[in-house]
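Please open the model in the viewer and follow the selections below in order.

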Amino acid sequence: MKHILFLIISILLTSCRNNNMGSDTQSNVLQADLHPSKISVHEIFDTIQVIPLETTDSCLLRAPVKIVVGNNRNYILDWKNFQVFVFDDRGHFLHTIGKKGQGPGEYREVYDMIVDEGKNQVKLLSPFGSIYVYNLEGQFVRQIRLPDKSNYQAMEAMGDKIMTWTIPNSCEETCITIVDANTGEETNSFWKGPRILNSVAVGNFYTYNGKSYFAPTFHNNEVYEITEDSLRLAYQWNFGKDNIDISKYKFTFTDDNQAEEGCLITQYIKDNTIPYLLRAQYQNSKFFYVNLSYGWFPNLTLKNVFYRKIDDKCFLFRESKEGIIVRPETFEEEYIVQFAFSEEFEAYQSVLPPTEYQKLRNRQEDDNPCLIKLYFK
């Protein structure tokens with residue numbers, strides 16, 4: 001099934017502390033039970049909107065891994081095409097941004113994007129240490145060289161700075177580098193640690209209410225607020241008996257053993273010796289959210305943890321009672337946006353008005369996926 005490939009690609013694109021680490025004695029501890037919840041999609045969401053994406057040879061999505069929602073536009077980064085596909089809010093294809101190649105404004109690969117409609121810019125991150133800047137219509141503006149790091153994986157805007165994530169070659173390299181958004185010059189760096197742990201995290205950055213956050217994997221379920229000169233503990237998940245203590249697996253985490261132990265940690269994830277990984281994290285005024293992945297390809301399951309702020313109620317589920325699979329690609333104040341694929345369409349019949357469900361019924365199996373916009377209650 002097509003969506004399984006897309007999910008795997010998004011994961012595969014995927015610690016000792018340094019002296020800039022701070023702490024917050026008033027930080028939140030989120031008590032979350034990992035017992036599965038059987039809930040209706042209407043427990044969390046109200047209105048559901050379907051956006052069928054136009055399908056032509058010019059806009060065929062092969063492996064979409066990120067969505068940014070703008071002003072009547074949906075920017076979709078596709079990992080196989082290494083381009084951004086731009087659709088309007090009704091799903092009509094507008095144009096692409098970026099191009100794989102060797103000419104001016106072209107690149108070998110890009111892994112992440114930042115969209116700034118206010119500045120008329122889309123920035124694409126190359127793993128080889130460059131940011132390619134385009135205007136919103138796809139015209140190349142310039143290339144920004146980044147500090148010499150081993151493998152750039154992810155980035156997030158932070159005011160007039162950009163925070164980037166790289167997979168280090170050794171325990172002494174920092175993974176987070178703060179750079180000037182215009183020049184690419186390094187202004188600070190954070191977060192050293194074992195390569196095998198940092199390689200299974202893709203730089204889980206997110207922004208909420210004007211603040212920037214970083215969520216590492218295998219670090220006591222902690223989430224940090226990032227400023228230009230520090231990391232501060234913001235909150236922590238507590239899954240009780242289901243917390244993972246990575247120290248009990250007896251890894252040495254030395255550079256000499258990273259190849260052998262890298263294979264071993266992958267095997268532990270595959271056979272559920274290590275039961276899950278913490279992946280994408282977000283929050284808005286209503287919820288804290290974390291996505292958990294269980295197992296490894298081809299036996300991979302993704303589950304959601306929604307922690308409701310108003311009453312501290314926690315929901316763990318892969319799909320709703322109606323069979324709606326929830327996997328946010330964009331997590332906003334008012335809604336989430338996700339992909340829906342042809343084999344999932346039938347589950348939406350019981351929760352959509354007839355006019356919205358008809359949009360799904362009109363789709364062909366080889367069409368692009370639909371975008372589903374789920375508005376919070």
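In this predicted model, begin by selecting β3 (45–52) and β26 (370–376), which are among the elements covering the buried residues of helix α4. Next, select α4 itself, residues 354–361, and display the side chains of its buried residues: Glu356, Tyr357 and Leu360. These lie on the same side of α4, because they span an arc of only 95 degrees around the axis. In general, an α-helix has 3.6 residues a turn, so residues three or four places apart point the same way.

Proceed to the aromatic rings, of which the model contains 33 pairs. Select Phe306 and Phe317: their rings are stacked, 5.8 Å centre to centre, with 15 degrees between the planes. Phe306 belongs to strand β22 (residues 299–308) and Phe317 to strand β23 (residues 313–317), 11 residues apart. Both residues are buried.

Then select Phe331 and Phe376, a tilted pair with 5.5 Å between centres and 55 degrees between the planes. This pair joins strand β24 (residues 330–331), which holds Phe331, to strand β26, which holds Phe376, across 45 residues. Phe331 is buried at a relative accessible area of 9%, and Phe376 is buried at 8%.

Finally, select two lysines. The charged end of Lys373 sits over the ring of Tyr335, 4.4 Å from its centre; that of Lys309 sits over the ring of Phe288, at 4.5 Å from the ring centre.

How values were computed: Residues numbered from 1 in each chain as written. Predicted model: local features only at pLDDT ≥ 70, side-chain atom pairs only at ≥ 80, totals over all residues. Heavy atoms only, no water. Buried < 20%, exposed > 50% of the residue type's maximum accessible area, 1.4 Å probe, protein only. Helix = DSSP H or I, 4+ residues; strand = E, 2+ residues; numbered from the N terminus. Arc of directions from axis to C-beta. Contact = heavy atoms within 4.5 Å. Phe/Tyr/Trp six-rings, centres within 6.5 Å; stacked < 30°, edge-to-face > 60°. Lys NZ or Arg CZ within 6 Å of the ring centre and 35° of its normal.
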